[in-house]
Amino acid sequence: LPDAVGELPSLRFLWADSNKLTGLPAFRAGSKLEVLTVAANSLTELPPSLDACANLTELNVAHNKITGWPRLPLPPQDAAANAGGGGGAGGGGMPPSPQKGRGARAGMYGPGGGAGPGGAPPPGLIKLNLNNNSIGEVDAEALLALRASLVEFQVAYCGLEVLPEEVGALRRLKLLNAEFNRLKDYPANLGHLPDLQTLNVTGNPIRRKRSDFNSTQELKEYLKKKDEPHPLLLAALGLGGGGAAAEALAKKLRDAAHYGTLQLNWSKKEEDQFPSGALPSGALEPSVAGTLTELEVTGHANLTTFAPEPEAVANLAKLVSCDLSKNRLGSKANGEAGPELLRALCQLATLQRLVMRGNGLTDADLAGGAGGATAVEGEGQGALAIKELDLGQNALTKLPDLIARCPKLEVLALPMNALTGLDDDAPLLSCKNLYSVDVSNNKLESLGQLRFHASLVSLNAEENELRAIPPELG
């Protein structure tokens, strides 16, 4: 390929499979290249200029003549440090970096691995295919550099005798193809990878064959019993540096992804479960959060923000029931007014049950109906699907505007607040299906228009300041 190809300013996709290429062009600084597939050629190495391809997400160099671990494009924050020693068996050393003042490979691989907002994959290779090359040995440090982005990793027919335990740090890995090598055992820690769906190890002298297991999930369960999770995987999932407590939490997340239910209720043994003040990021990873229909996180005095980034709540796309009772998510409890969590939860079109008792919620936290939301099918713009709303044991002095956006509301619980009256109960007028209301333990002197709700079946108004029962209730 002529060098002019590498200078094309708008080039994003380059396919040149099944030719007779012995080299690749130098790519221009700031290259926009995203996909490079040059399989079935005669390449022996990859050019240093590939570092300029900061947007590259797919690289396929299968069926070439590459010997040793090749030079790979690295995430942008690390690319300048892609220098230093050889990459694997058979040499394959990398030339020194032209930039000064940066360490060798150790400096590059350390800080990488962060996730983008909302759990989105950060920049870096997503698909890497090295099949049918004389690799000999996988560069463990290179895997660490790609641990936050790599989804598909293919190293079949590469003469490998072992896969390093750093494979277990590839938090987003879904496919691993290591067929027809000389592996004597499965890579350590693989069973703990939350997204792993396909594991191909046919043609290796492994005692427990892949065919001995009915599914990848069954194989993962077997591997979990053999090895602990990789510490960097635990850190990436927000589970700290390991230990029994972290492993217990990791197991809960794995089970949640399988069964669709996650319970993280307070217990004496797990008293300091959320030292950061938020859920572990692994709980809101798409692989876990995307499967949940029920979420119960209750009784944590140090849970003040729920999610480090509110947009990650959107990953709970199937959530039907959410119980966040007795935490410190309201402004009276944590000193910071902010309806971000309520706003994010109200974006969930599937949510039907929301319980937030005892969080120190104030009128300000629920002002404006907690922000915009996805419209419920068959209802007005911004209508919510919520049928049961429990905001008891908070610091509310009036009916939340949020109620007005719940036309399907059937059960409303507001006990143990500071409600003084229901005369301004316009939010209730849209709740035509409301049949159960609990306003006990408040300071009510009047039931307002509530007495005219024909659908009302159960009303609890104990421990208030009512002087008479409205005749309409009779």
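Predicted model: local features only at pLDDT ≥ 70, side-chain atom pairs only at ≥ 80, totals over all residues.
**Ground rules.** I took local features only at pLDDT of at least 70 and side-chain atom pairs only at pLDDT 80 or more, while totals for chains, interfaces and linings use all residues. I number residues from 1 along each chain as its sequence is written, and side-chain values use heavy atoms, with hydrogens and water left out.

**Phe-153.** I looked up Phe-153 and found it in strand S5, residues 152-154. Strands here are DSSP runs of E, at least two residues, and helices are runs of H or I, at least four, both numbered from the N terminus. Phe-153 is buried, at a relative accessible area of 0%. Buried means under 20%, exposed over 50%, partly exposed in between (1.4 Å probe, protein chains only). I then listed contacts (heavy atoms within 4.5 Å). Leaving out residues up to four places away in sequence, Phe-153 touches Trp-69, Leu-128, Val-138, Leu-143, Leu-173, Leu-175, Leu-176 and Asn-177. From Phe-153 to Asn-131 I get 9.4 Å, C-alpha to C-alpha, across 22 residues of sequence.

**Cysteines.** I counted zero disulfides, a disulfide being a pair of cysteine sulfur atoms within 2.5 Å. Cys-431 is in no disulfide either; its nearest cysteine sulfur, in Cys-406, is 6.6 Å away. Cys-346 is buried at 3% relative accessible area, and Cys-431 is buried at 0%.

**Helix H4.** In H4, residues 216-224, I noted Thr-216, Leu-219, Lys-220, Leu-223 and Lys-224 as buried. Down the axis of H4 these fall within an arc of 140°, so they line one face. The arc is that of the directions from the helix axis to the C-beta atoms.
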